[in-house]
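Q: Can you walk me through this one? I'd like to start with a helix and then get to the sheets.

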Amino acid sequence: MHGSTSADGLAGVEHLVDRHPSVSPERLIAQLRPPPTFADVSFGTYRPDPAEPSQAAALVACQDFCRQAQERRAGRRKLFGKRAVLPGVGIYLDGGFGVGKTHLLASAYYQLPGSGPGVPEHPKAFATFGELTQLAGVFGFTECIELLADYTAVCIDEFELDDPGNTTLISRLLSSLVERGVSVAATSNTLPEQLGQGRFAAQDFLREINTLASIFTTVRIEGPDYRHRGLPPAPQPPSDDEVVARATNVAGATLDDFDSLCAHLATMHPSRYPTLIDGVTAVFLTGVHGVDDQNVALRLVSLTDRLYDAGVPVVASGAKLDTIFSDEMLAGGYRKKYLRAISRLLALTAAATQTRGS
């Protein structure tokens with residue numbers, strides 16, 4: 001074990017490995033909204049880079065999507081006052097890491113009218129791709145369609161197709177929802193017609209992938225990763241003892257041995273990770289090292305996404321966090337996932353450095 005002596009059993013500090021969260025269907029529905037990191041964003045707070053005109057164009061396209069989504073949800077008036085259902089529209093924000101895709105997606109969610117006091121009809125949903133597939137798994141395919149059929153829009157962050165089953169499931173789900181007047185907005189680092197490339201035999205599922213691609217109008221967003229603007233390279237990690245000492249001085253922090261945490265993540269579905277880190281103010285890890293098991297790596301990606309969504313800083317000893325995924329992994333089909341995770345981990349370690357004195 002790497003660093004297990006210093007991280008395990010320390011009095012007064014919580015450990016993620018001691019948490020065993022469960023997620024009820026009600027919780028799954030309740031969390032269909034943007035994560036805390038994006039709770040206060042809007043189209044007005046999006047700042048397009050003047051050097052990247054595609055960013056300003058994407059802002060306009062998202063605003064237009066919101067207008068069309070509301071028009072489609074309202075339907076077309078027919079004789080005798082009835083309304084005909086109009087199929088939903090789709091927008092697909094494609095771009096690199098940190099160009100503001102999730103900011104725009106969350107802004108679209110908030111721009112759309114939804115459920116709440118005085119707004120009783122046509123809610124909207126915001127979910128990661130994993131949360132959407134989990135929702136279908138918990139409720140069942142038909143029930144999931146009925147659950148979302150009256151929504152104005154479903155916003156899907158980090159759209160990805162990792163296996164043939166999910167390809168078919170999400171293709172059928174979104175096609176059915178669009179037919180019922182639900183509009184779909186999505187972000188990804190992969191163009192729709194390239195989804196699944198390098199991950200499974202995409203040609204065997206070309207029909208499903210093409211169906212998905214036909215739903216969306218693709219909007220490409222260019223630009224550098226804003227998370228790294230002005231940031232130095234990954235810092236030299238602190239020692240195990242320093243991580244332990246810092247963890248004991250941060251209220252609400254957790255402290256875990258890296259290997260122990262990786263093993264714990266394998267005991268639960270990634271849909272439980274948001275509940276796993278509920279109330280955590282910072283995550284401290286000892287003994288971080290490179291991983292060679294892709295299943296372990298993908299769980300770390302999922303946890304990183306949830307930590308980033310919640311704005312939870314990370315402090316880790318051992319290997320630098322931008323080296324935990326091997327060159328072979330970074331050259332494989334999940335390359336973009338791993339690069340996104342590295343980008344977010346660096347941002348979270350920088351956040352930990354900035355808040356060190358608090």
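Q: Which residues of H3 are buried?
A: The buried residues of H3 are Ser54, Gln55, Ala58, Leu59, Cys62, Phe65, Cys66, Ala69 and Arg73. Buried means under 20% relative accessible area, exposed over 50%, and partly exposed in between, with a 1.4 Å probe and protein chains only. This is a predicted model, in which local features need pLDDT of at least 70 and side-chain atom pairs count only at pLDDT 80 or more, while totals for chains, interfaces and linings use all residues. Residues are numbered from 1 along each chain as its sequence is written, and side-chain values use heavy atoms, with hydrogens and water left out.

Q: Why do the buried residues of H3 line one face of the helix?
A: Seen down the axis of H3, they fall within an arc of 150°, so they line one face. The arc is that of the directions from the helix axis to the C-beta atoms. An α-helix has 3.6 residues a turn, so residues three or four places apart point the same way.

Q: And what is exposed on the other side of H3?
A: Pro53 and Val60 are exposed there.

Q: What covers the buried residues of H3?
A: The cover includes strand E3 (90-95), helix H4 (101-111), E5, E6 and E7. Helices (H or I, at least four residues) and strands (E, at least two) are DSSP runs, numbered from the N terminus.

Q: How far does H3 reach from its first C-alpha to its last?
A: H3 covers residues 53-74, which is 22 residues, and reaches 32 Å, close to the 32 Å expected at 1.5 Å a residue. The expected span is 1.5 Å times one less than the number of residues. H3 is followed by Gly75, whose phi is positive, near 80°.

Q: You listed Cys62. How many disulfides are found?
A: A search of the whole structure finds zero disulfides, a disulfide being a pair of cysteine sulfur atoms within 2.5 Å. For Cys62, the nearest cysteine sulfur is that of Cys66, 7.1 Å away. Cys62 has 3% relative accessibility, so it counts as buried. Cys144 also counts as buried, because its relative accessibility is 0%.

Q: Back to H4. Why is it largely enclosed by the rest of the structure?
A: Because nine of its 11 residues are buried. Among them are Lys101, His103, Leu104 and Tyr109.

Q: Sheets now. What is the strand order in the open sheet of five strands?
A: The order is E4-E5-E6-E3-E7, with parallel pairing. Two strands pair if DSSP finds at least two bridges between them. The edge strands, E4 (124-128) and E7 (217-221), each pair on one side only.

Q: How many bridges pair E5 with E6?
A: Four, between E5 (residues 153-157) and E6 (residues 183-188), in the parallel sense. Ala153 stands opposite Ser183 in E6.

Q: Which helix lies across E4 and E5?
A: Helix H5 (residues 129-139) does, running at about 110° to E4. Contact means heavy atoms within 4.5 Å. Axes are lines fitted to C-alpha atoms, for helices over the stretch in contact, and angles run from 0 to 180 degrees between N-to-C directions.

Q: What is the order in the open sheet of three strands?
A: E8-E9-E10, again with parallel pairing. Strand E8 (253-257) and strand E10 (314-318) each have a single partner strand, so one side of each is left without a neighbour in the sheet.
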